[in-house]
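Please read the numbered points alongside the sequence and the model.

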Amino acid sequence: MSSLLIRNIKTLVQAETNPRPLVKGADMAVLPAINNAFLLIENDRIASFGAMERCPDRADQIVDAAGRMVFPSWCDSHTHLVFAASREEEFVDRIRGLTYEEIAQRGGGILNSARRLQQTSEDDLFESALLRLHEVIGYGTGAIEIKSGYGLTLESELKMLRVVKRLKAVSPIPIKATFLGAHAVPAEYKERRNDYIDLIINDMMPKVVEENLAEYCDVFCDRGFYTVAETDRILKAAARFGLKAKIHANELDYSGGVQVGVANGAISVDHLEYTGDAEIAALLEGGTLPTLLPSCAFFLGIPFAPARKMIDAGLPVVLATDFNPGSSPSGRMSLVVSLACLKMNMLPEEAINAATINGARAMELEARFGSIAVGKVANVFISTPIPSLAYLPYAFGSNLVDAVILQGKMWPSSRQ
Ligand code: NIG
Ligand code: FE
């Protein structure tokens, strides 16, 4: 057995005696915390924590955290971390006046990324994705979901998901994989969309399941992408293959995506920039989580999702980065937390709950990650010296992560 003791913690954030599976509504503003605390880790698990008066005096390794806070690692439940190339030329096109949808209609956007990915080897994709994974771990991310969706052919979708499987094998943090064959309709299927959906259902899904390449199935249900009826068909097929739904919805319009996601028992519906009373009512009826991606809204200059309205209605909001080359080229969860506060009027406590325990729930990892509780996996980060909790979202440009601990070991020493 090896033990690691962190002493003199200014504030131990999200320390739960009775772990909550998720937090919703008014409870989102409640963030359990202990001032002047210790945290004891044994092997890869949290063994105990509490006030410094009760601090054990022995451990294999002792870290003095004076002036610094300890947080549970971020849980980033929506990313497209595997991609072949950046898309800054489209960023400049948007500065010059084109919209995201206009770029997509001209064959840019997701189809641009798909062309590049189809030409890139599995090994090269793996190497670049591993660098990005290490980058976001350094920002404090301790659990992550990764989607396919830049393949759009049988071969290339499988290639992407095999890369994710290889990442899982070497990653010090848990990874959940999502099959997103229905991210865009390839140009050659433009006039025969159903043939592409047949390909997704009849060829891609069986292979994905046979090779055990994904836990979830995603569809981009929005104006100009997949319709409600198409989404419904794909999600019903996915369910037959044992793949649960986590979908893109209502980024570009009131698409009906939220309702079709809820009707299919989706774990989460993500984006939700276009959310009104009907969508909120549907979310309140089902158990589907609303996942908001404010760095995407920020980067594309589209409306921010109405987080305040959702929380005030009693919903459990989740925050994630959407890290991808087209609409959110950043995997930094602390920036997402800042934007949630600045642009969606979420309180720091609400944003941190949304980015930790609720993110874990959106990946079905809440029993082992997302908070500091006895028995949970010891994935935490130590901040730099900061005056208060609110300083974290306030200082939006600073990197306030001083040290990362994964599975009870200081990272990068735990790096493979
Ligand atoms: O979540 N909205 C759909 N998919 C991604 C963007 C993909 C891209 O532009 O490459 C998203 O924003
Ligand atoms: Fe996305």
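1. For the charge count, Lys and Arg are taken as positive and Asp and Glu as negative, while His and the chain ends are not counted. Each charge is placed at NZ of Lys, CZ of Arg, CG of Asp or CD of Glu. On this basis the protein chain has 41 positive and 49 negative charges, and their mean positions are 3 Å apart.

2. The model is predicted: local features need pLDDT of at least 70 and side-chain atom pairs count only at pLDDT 80 or more, whereas totals for chains, interfaces and linings use all residues. Residues are numbered from 1 along each chain as its sequence is written, chains are lettered from A and ligands numbered from 1 in the order in which they are written, and side-chain values use heavy atoms, with hydrogens and water left out.

3. The overall fold may be taken next. The secondary structure of the protein chain amounts to 15 helices and 16 strands; these are DSSP runs numbered from the N terminus, helices being H or I of at least four residues and strands E of at least two. The protein chain is as compact as a globular protein of its length, because its radius of gyration of 21 Å is close to the 22 Å that the globule rule gives for 416 residues. That radius is taken over C-alpha atoms, and the rule is 2.2 Å times the number of residues to the power 0.38. Along the principal axes, the C-alpha atoms fill a box of roughly 70 × 45 × 45 Å.

4. Of the 416 residues, 61% count as buried; buried means under 20% relative accessible area, exposed over 50% and partly exposed in between, with a 1.4 Å probe and protein chains only. The protein chain exposes about 15700 Å², of which carbon and sulfur atoms supply 50%. Accessible areas come from the Shrake-Rupley method with a 1.4 Å probe, and for residues only the protein chains shown count as cover. Among contacts (heavy atoms within 4.5 Å) between residues at least 6 apart in sequence, 73% join residues at least 24 apart.

5. Which protein atoms are the donors of the iron ion (ligand 2)? They are NE2 of H78, NE2 of H80, NE2 of H248 and OD of D322, at 2.1 to 2.2 Å from the ion. Along the chain these donors follow the spacing H-x1-H-x167-H-x73-D. H248 belongs to strand 10 (residues 244-249) and D322 to the loop between strand 13 (318-319) and helix 12 (333-344), so the pair ties together parts that are 74 residues apart in sequence. H248 is buried at 3% relative accessibility, and D322 is buried at 1%. Donors are N, O and S atoms within 2.8 Å of the metal (3.2 Å for Na, K and Ca); water is not among the atoms, so sites may look incomplete.

6. Helix 3 (residues 110-118) has I110, L111, N112, S113, A114 and L117 as buried residues. They pack against helix 1 (88-95), helix 2 (100-105), helix 4 (122-138), helix 5 (154-170) and strand 9 (216-221).

7. V401, in strand 15 (residues 401-406), is buried, with a relative accessible area of 14%. Leaving aside neighbours within four places in sequence, V401 contacts G138, Y139, G140, F381, I382 and T384.

8. Where does the backbone call for a second look? Most residues other than glycine have a negative phi, and most peptide bonds are trans. H271, in strand 11 (residues 268-271), has a positive phi near 105° and is buried at 1% relative accessibility. N345, found in the loop between helix 12 and helix 13 (348-355), has a positive phi near 55° and is exposed, with a relative accessible area of 54%. A cis peptide bond with omega of about 15° joins W411 and P412, and P412 lies in the segment after strand 16 (409-411).

9. K236 lies in helix 7 (residues 228-240) and is partly exposed, at a relative accessible area of 40%. G242 lies in the loop between helix 7 and strand 10 and is exposed at 55% relative accessibility.
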